[in-house]
Amino acid sequence: MAQEPGTPGVATPAERTPATPAPVELSDLAALKALAQPRRQRMLQHLTLHGPATSATLARALGLNTGSTSYHLRELARYGFVEETGARAGEETATAGAGAEVGEGDAETGTGAERAPGHGRERWWRAVPGDRRFPPRSRQSAEMRHVMDELNHHAYAADLELFERLQRDSAENGVWEDAFPYSRGTIRLTPPELREFFEEYIALLNRYKRAEAETPAGARTVLTRFLAFPAPPAEADAEADTGVGVGAGAEVALARPADAEPGHNRKETEPS
């Protein structure tokens with residue numbers, strides 16, 4: 001059994017120095033299109049939350065059929081988002097015939113559990129971890145921007161739906177009932193400072209990652225999300241930048257008050 005944090009011989013997050021994965025930029029449009037498919041995003045989320053699964057397991061959990069999930073798993077595997085892993089103990093199955101592979105048919109209507117070619121076991125898949133990054137907006141083509149907008153739209157909607165559902169059911173989580181830290185805030189940064197801020201955030205996540213054998217009892221998967229974006233410019237800034245004033249009566253969001261105290265980088269934080 002894994003030991004609790006603070007037990008002699010177990011490194012704390014501050015003491016751990018895990019190997020940091022090298023960032024990989026996803027600049028291949030075909031890979032981005034494969035990732036943006038809504039069903040594949042749902043499947044990746046399930047694999048991330050619940051660990052390895054078969055096409056049949058995913059089909060039952062997501063209300064799909066195994067032909068569809070098998071097809072989408074292969075597409076995700078083609079671009080390195082998932083990979084086949086060993087069958088779990090007790091999951092060995094009878095062969096489907098010499099050299100037969102079941103579930104390779106139609107992407108939407110196929111049936112049957114997918115099995116490894118020439119083996120009497122179901123194929124188990126897992127999400128491949130890594131530090132994947134998208135090209136900066138300035139380097140995205142018009143088509144890539146369209147794909148990224150679709151990908152983000154579905155991802156944000158899925159995150160919000162999951163967060164709200166889990167929060168509604170939090171009373172059933174026992175000691176995890178209060179495990180919903182949340183913060184909204186503003187800071188004034190230059191673009192280089194924002195990039196540095198983001199890299200420090202990624203480094204913090206990596207510092208807390210650990211192997212399964214080092215994970216203490218009672219630990220659960222915790223989903224983390226980071227979103228930062230520049231506020232709309234204040235009216236005076238907009239006029240200076242464009243030479244065009246804001247229309248009469250227009251409301252400018254997040255405009256900085258004229259009497260704001262100067263010299264304070266972090267303007268507000270609203271934890272809940």
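Helix 1 is covered in part by helix 2 (38-50), helix 4 and helix 5 (142-168), which are among the elements over its buried residues. Those buried residues of helix 1 (residues 29-36) are Ala31, Leu32, Ala34, Leu35 and Ala36. The model is predicted. It describes a protein with 7 helices and 6 strands.

**Overall architecture**

- The element order from the N terminus is β-α-α-α-α-β-β-β-α-β-α-α-β.
- The protein has 272 residues, and 23% of them count as buried.
- Take the contacts with a separation of 6 or more: 70% of them join residues 24 or more positions apart.

**Helix 1 and helix 4**

- An α-helix has 3.6 residues a turn, so residues three or four places apart point the same way.
- Helix 4 covers buried residues of helix 1, together with helix 2 and helix 5 among others.
- Thr66 belongs to helix 4 (residues 66-78).
- Thr66 counts as buried because its relative accessibility is 12%, and the cut-off is under 20%.
- Thr66 and Ser55 lie 5.5 Å apart in space, C-alpha to C-alpha. In sequence, 11 residues separate Thr66 and Ser55.

**Aromatic pairs**

- A pair of aromatic rings is described by the distance of the centres and the angle of the planes.
- The structure holds 4 aromatic pairs.
- Phe197 and Phe226 form a tilted pair, because their planes stand at 35 degrees, between the cut-offs of 30 and 60. Their ring centres are 6.0 Å apart.
- This pair links distant parts of the chain, with its partners 29 residues apart. Phe197 sits in helix 6 (residues 191-208). Phe226 sits in the loop between helix 6 and helix 7 (235-242).
- Phe198 and Phe226 form a tilted pair as well, with 5.6 Å centre to centre and 55 degrees between the planes.
- The Phe198 pair also links distant parts of the chain: Phe198 is in helix 6, Phe226 is in the loop between helix 6 and helix 7, and they are 28 residues apart.
- Ring pairs join Phe197, Phe198, Tyr201 and Phe226 into a cluster.

**Exposure of the cluster rings**

- Phe197 has a relative accessible area of 38%, so it is partly exposed.
- Phe226 is partly exposed too, at 30% relative accessibility.
- Phe198 has 28% relative accessibility and therefore counts as partly exposed.

**Surface patch**

- Ile187, Leu189, Leu194, Phe197 and Phe226 make a nonpolar surface patch of about 370 Å².
- Two patch residues, Phe197 and Phe226, are also members of the ring cluster.

**Charge over a ring**

- Arg220 places its charged end over the ring of Trp176. The distance to the ring centre is 5.3 Å.

Notes: Residues numbered from 1 in each chain as written. Predicted model: local features only at pLDDT ≥ 70, side-chain atom pairs only at ≥ 80, totals over all residues. Heavy atoms only, no water. Phe/Tyr/Trp six-rings, centres within 6.5 Å; stacked < 30°, edge-to-face > 60°. Helix = DSSP H or I, 4+ residues; strand = E, 2+ residues; numbered from the N terminus. Buried < 20%, exposed > 50% of the residue type's maximum accessible area, 1.4 Å probe, protein only. Lys NZ or Arg CZ within 6 Å of the ring centre and 35° of its normal. Patch = residues over 30% accessible without salt bridge, like charges linked within 9 Å, V, L, I, M, F, W, Y side chains within 5 Å. Areas by Shrake-Rupley, 256 points an atom, 1.4 Å probe, with all protein chains shown as cover. Salt bridge = Lys/Arg side-chain N within 4 Å of Asp/Glu carboxyl O. Contact = heavy atoms within 4.5 Å.
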